[in-house]
Amino acid sequence: MAIRKSNKLSQAAVLKQILKRCSSLEKKHDYDDEDGLPIDVPKGYFAVYVGKNRTRYIVPISFLIHPEFQCRLHCAEEEFGFDDDMGITIPCEEVVFRSLTSMLR
């Protein structure tokens, strides 16, 4: 039981780190001077980059609770890390990503 609790805490910490990273990225886009967030990303959403062409997708933060999306984020962390200044890149084909996100909506 203690192990589960510690895993949940670490998972929550990882998700907070991801959200913080997402909100501090997006160097290619305009920022709101007041809060520093990209203007084109609505509140409650974040941007990820997918595929070889790094196509930008705006996804709701509610996706972060889905195990399938978390799996993709873990793959992203293993392959690219979250210290990349270009944003979070999801390592999968765009077709797969669109299929996943359509199931989560």
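At 23% relative accessibility, His66 counts as partly exposed, a label for residues between the buried class (under 20% relative accessible area) and the exposed class (over 50%), judged with a 1.4 Å probe and protein chains only. His66 sits in the loop between β2 and α2. Its C-alpha atom is 7.6 Å from that of Leu104, although 38 residues separate the two along the chain. The model is a predicted one, in which local features need pLDDT of at least 70 and side-chain atom pairs count only at pLDDT 80 or more, while totals for chains, interfaces and linings use all residues. Residues are numbered from 1 along each chain as its sequence is written, and side-chain values use heavy atoms, with hydrogens and water left out.

The overall layout can be followed from one end to the other. The chain holds three helices and three strands, taken as DSSP runs numbered from the N terminus (H or I of at least four residues for helices, E of at least two for strands). Read from the N terminus, the order of elements is α-β-β-α-β-α. Of the 105 residues in the chain, 32% are buried. The chain exposes about 7,100 Å², with 55% of this supplied by carbon and sulfur atoms; the areas come from the Shrake-Rupley method with a 1.4 Å probe, and for residues only the protein chains shown count as cover. Among contacts (heavy atoms within 4.5 Å) with a separation of 6 or more, 49% link residues 24 or more positions apart.

The strands come together in an open sheet with the order β2-β1-β3 and mixed pairing, where two strands pair if DSSP finds at least two bridges between them. Strands β2 and β3 (89-90) are the edges, each pairing on one side only. β1 and β3 run parallel and are joined by two bridges. Tyr49 has Thr89 in β3 as its bridge partner.

What lies in the nonpolar interior? In soluble globular proteins, nonpolar side chains tend to be buried together. The largest nonpolar core here has 17 residues, and Val48, Val50, Val59, Phe69, Ile90 and Phe97 touch the most other members. β1 (45-50), β2 (55-60), α2 (67-80) and α3 each give two or more residues to this core. Such a core is a set of buried Ala, Val, Leu, Ile, Met, Phe, Trp, Tyr and Cys residues joined through side-chain atoms within 4.5 Å. Leaving aside neighbours within four places in sequence, Val48 is in contact with Thr55, Arg56, Tyr57, Ile88, Ile90 and Phe97.

Arg98 counts as partly exposed because its relative accessibility is 41%, whereas Glu94, at 18%, is buried.

Glu94 also has polar partners. Its side chain makes a polar contact of 2.8 Å with the side chain of Thr55, and another of 3.0 Å joins the side chains of Glu94 and Tyr57. A polar contact is a pair of N or O atoms within 3.5 Å; within protein, one must be able to donate a hydrogen and the other to accept it, and residues adjacent in sequence count only if both atoms are side-chain atoms. Beyond its neighbours within four places in sequence, Glu94 is in contact with Val50, Gly51, Asn53, Thr55 and Tyr57.
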